[in-house]
Amino acid sequence: MDESKRAELLDTYYRPHHRRFSEVVAELLNKAGQVLIIDRHSFPSRPWPYELNQDKDRLDICIGTDSFHTQQWLLDTLKETFQKLGYSVAVNHPFTGAIVPLPYYSQEARVLSIMIEINRKLYMDGKTGEKGLLFAIVKENIATVLSHVLHA
């Protein structure tokens, strides 16, 4: 990709998104005094060539943390609840980190963040991209986990 196309994409999508993300965090800090960011993603059951981690042994759930913004109770609640529901869980493997808007990164302890990555093999057909038979159950289980976090 040439530099002008890259700059256009950053200006069109990345920068406005992160500017709004920072604004929302500021609004919530002012309103509630604390913010919990739960960054949810999915990952393929087998690593793609561009991924740094090429380990083929991928568990069901990856929880990404940040040493400043992820408190232990948050990690423990997520990990234990997923495990009680029968999922295998890894922390910071194969992906690491938790998103925080740059103005708050390592500066504002009232901004909590954690990443939840769900292995796609749990809810979809990896070849077709179609929802799998367990889609509704996985969705319900994620809601259960998030409910446990909100009531911890």
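**Strand pairing, core and aromatic contacts in a predicted model**

Ile 61 has Ile 118 as its bridge partner in β4. The model is predicted: local features need pLDDT of at least 70, side-chain atom pairs count only at pLDDT 80 or more, and totals for chains, interfaces and linings use all residues. Residues are numbered from 1 along each chain as its sequence is written, and side-chain values use heavy atoms, with hydrogens and water left out.

The protein holds three helices and four strands. Helices (H or I, at least four residues) and strands (E, at least two) are DSSP runs, numbered from the N terminus. Along the sequence the pattern reads α-β-β-α-β-β-α. The C-alpha atoms fill a box of roughly 45 × 40 × 25 Å along the principal axes. The accessible surface of the protein is about 9700 Å², and 54% of it belongs to carbon and sulfur atoms. Accessible areas come from the Shrake-Rupley method with a 1.4 Å probe; for residues, only the protein chains shown count as cover. Of the 152 residues, 36% count as buried. Buried means under 20% relative accessible area, exposed over 50%, and partly exposed in between (1.4 Å probe, protein chains only). Contact means heavy atoms within 4.5 Å. Among contacts between residues at least 6 apart in sequence, 73% join residues at least 24 apart.

Strand β4 pairs with both β1 and β2. Two strands pair if DSSP finds at least two bridges between them. β1 (residues 35-43) and β4 run parallel and are joined by nine bridges. Ile 38 has Ile 114 as its bridge partner in β4. β2 and β4 run antiparallel, with four bridges between them. Nine of the nine residues of β4 are buried, so the strand is largely enclosed by the rest of the structure. In a regular strand the side chains alternate between the two faces of the sheet. In β4, Val 111, Ser 113, Met 115, Glu 117 and Asn 119 point one way. Leu 112, Ile 114, Ile 116 and Ile 118 point the other way.

The largest nonpolar core has 18 residues. A nonpolar core is a set of buried Ala, Val, Leu, Ile, Met, Phe, Trp, Tyr and Cys residues joined through side-chain atoms within 4.5 Å. Ile 61, Leu 78, Phe 82 and Ile 118 have the most contacts inside the largest core. β2 (61-64), α2 (72-84), β4 and α3 each supply at least two of its residues. The largest share, five residues, comes from α3. Apart from this core lies another, of eight residues, among them Phe 21, Val 25, Val 35 and Tyr 104. In soluble globular proteins, nonpolar side chains tend to be buried together. Beyond four places in sequence, Ile 61 touches residues including Phe 82, Tyr 87, Val 89, Ile 116 and Ile 118.

The whole structure contains three aromatic pairs. Rings of Phe, Tyr and Trp (its six-membered ring) pair if their centres lie within 6.5 Å; planes under 30 degrees apart count as stacked, over 60 as edge-to-face and the rest as tilted. The ring centres of Phe 82 and Tyr 87 are 5.9 Å apart and the planes stand at 85°, so this pair is edge-to-face. Phe 82 is buried, at 1% relative accessible area. Tyr 87 is also buried, at 11%. Tyr 123 and Phe 135 form another edge-to-face pair, 6.1 Å centre to centre with 65° between the planes. This pair links distant parts of the chain, 12 residues apart: Tyr 123 is in the loop between β4 (111-119) and α3 (135-150), and Phe 135 is in helix α3. Tyr 123 is buried at 16% relative accessibility, whereas Phe 135 is partly exposed at 27%. Lys 131 lies over the face of Phe 135, at 4.5 Å from the ring centre. A charge sits over a ring if NZ of Lys or CZ of Arg is within 6 Å of the ring centre and within 35 degrees of the ring normal.

The loop between β1 and β2 holds Asp 60 and Ser 45. Asp 60 is buried, with a relative accessible area of 12%. Beyond four places in sequence, Asp 60 touches residues including Phe 43, Tyr 87, Ile 118 and Lys 121. Ser 45 is partly exposed, with a relative accessible area of 33%. The C-alpha atoms of Ser 45 and Tyr 87 are separated by 14 Å, at 42 residues apart along the chain.
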